[in-house]
Amino acid sequence: MDGLDSLRATWLERIGNAGDEAALEEIRVAAIGKKGEISLKMRELGKMTPEERQAAGPALNALKDEVNSALAAKKQALADAALDARLQAEWLDVTLPARHRRVGTIHPVSQVTEEVTAIFADMGFSVAEGPQIETDWYNFDALNIPGHHPARAEMDTFYTHRAEGDDRPPHVLRTHTSPVQIRHMEAHGAPCRVIAPGRVYRADYDQTHTPMFHQVEGLAIDRDLSMANLKWVLEEFFTAYFGTKVKTRFRASHFPFTEPSAEVDIQCSFEGGTVKVGEGDGWLEVLGSGMVHPKVLQAAGVDPAEWQGFAFGMGIDRIAMLKYGIPDLRAFFDSDLRWLRHYGFSALQVPAVHSGV
Ligand code: DAH
């Protein structure tokens, strides 16, 4: 068959010159597509004599194969070139310093909660939890605070709304962590040793009060616990927490859920407008405590003839302010990033007993 050489030369040259994949595709169609020049040539084989066909057939097939592989090679070359161009354009300098990212901090309340938990855990206390929306039974009655008791009025309680005509007593935002005592004893009985840190709510707002704040409750029930055990546990706690020997002072007080009851002060000095814990001859009130009232044990299903123990409730925000020299309680809950960066803790400062953080 005539002209195959020039056919080959033409198509191979056009393939070689194709600028991109679209152009290459056009060339493929024009050469070996259904109506491509080479395909038409192959159709002519039918009109040939067998001798002619024997010579022209293999030659045409070879040409078609050659064009095909030239197309494939060019396609690959174009793709490689495109990738090269992209790599040139999108280079990255891996030696550049990383972009600075602000790291968040742990809020002092979270940090102190962890510290308190670590110290009490070391004394065998585990952590108990309860709901922040409580029934008035758990928050008051079971703790020996009946409806007419002045303590109820003093708590500045937030009540939830009841639908019109629903006479059930409204739920409350718990005013203290003490209801967790009841829930824990109900569920697990005696003996027990738990702390219950968490949020509590009272309708109060001034320099030293916020409507939401944090308490940690303590409860230890066994057969022969006494105020002496309470005092030891608290002194041990304060000494570990403040990292210095801290004396405590117990003042007789009254809480409906304990008998006897005591308010506990820690030793401190007030010099130059700063409070220093563990020195001097001043005292600072930090918690309420006492021997759990028999009626409270009873309400929680624990037999007061067999079991007794102590409880305490302490303000977490308060002891955080004391340890870390934070002057204003309200700033705790302002979510001011500058404050959080200043007083917050690095995630790597993991509290542990006697870790000094
Ligand atoms: N629940 C009391 C309050 O919020 C604090 C308290 C006092 C808790 C004496 C106790 C306790 O467990 O024994 O003011």
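This note comments on the ligand site and on one helix pair in a predicted model.

1. Basis. The model is predicted, so that local features need pLDDT of at least 70 and side-chain atom pairs count only at pLDDT 80 or more, whereas totals for chains, interfaces and linings use all residues. Residues are numbered from 1 along each chain as its sequence is written, and side-chain values use heavy atoms, with hydrogens and water left out.

2. Ligand shell. The ligand is surrounded by 15 residues, each having a heavy atom within 4 Å of it, and the closest are His176, Ser178, Arg202, Gln215 and Glu217. By class the shell holds 4 nonpolar, 9 polar and 2 charged residues (Ala, Val, Leu, Ile, Met, Phe, Trp, Tyr, Cys and Pro count as nonpolar, Asp, Glu, Lys and Arg as charged, and the others, Gly among them, as polar).

3. Polar contacts (pairs of N or O atoms within 3.5 Å). The side chain of Ser178 places a polar atom 3.0 Å from a ligand nitrogen, while a side-chain N or O atom of Arg202 lies 2.8 Å from a ligand oxygen. A polar backbone atom of Ala311 is 3.2 Å from an oxygen atom of the ligand. Of the 350 Å² that the ligand exposes when taken alone, the protein buries 91% (Shrake-Rupley method, 1.4 Å probe).

4. Helix pair. Phe237, Tyr241 and Phe242 in H9 meet Ile319, Ala320, Leu322 and Lys323 in H11, with contact meaning heavy atoms within 4.5 Å.

Definitions and conventions:
Helix = DSSP H or I, 4+ residues; strand = E, 2+ residues; numbered from the N terminus. Polar contact = N/O pair within 3.5 Å; in protein donor to acceptor, adjacent residues only side chain to side chain.
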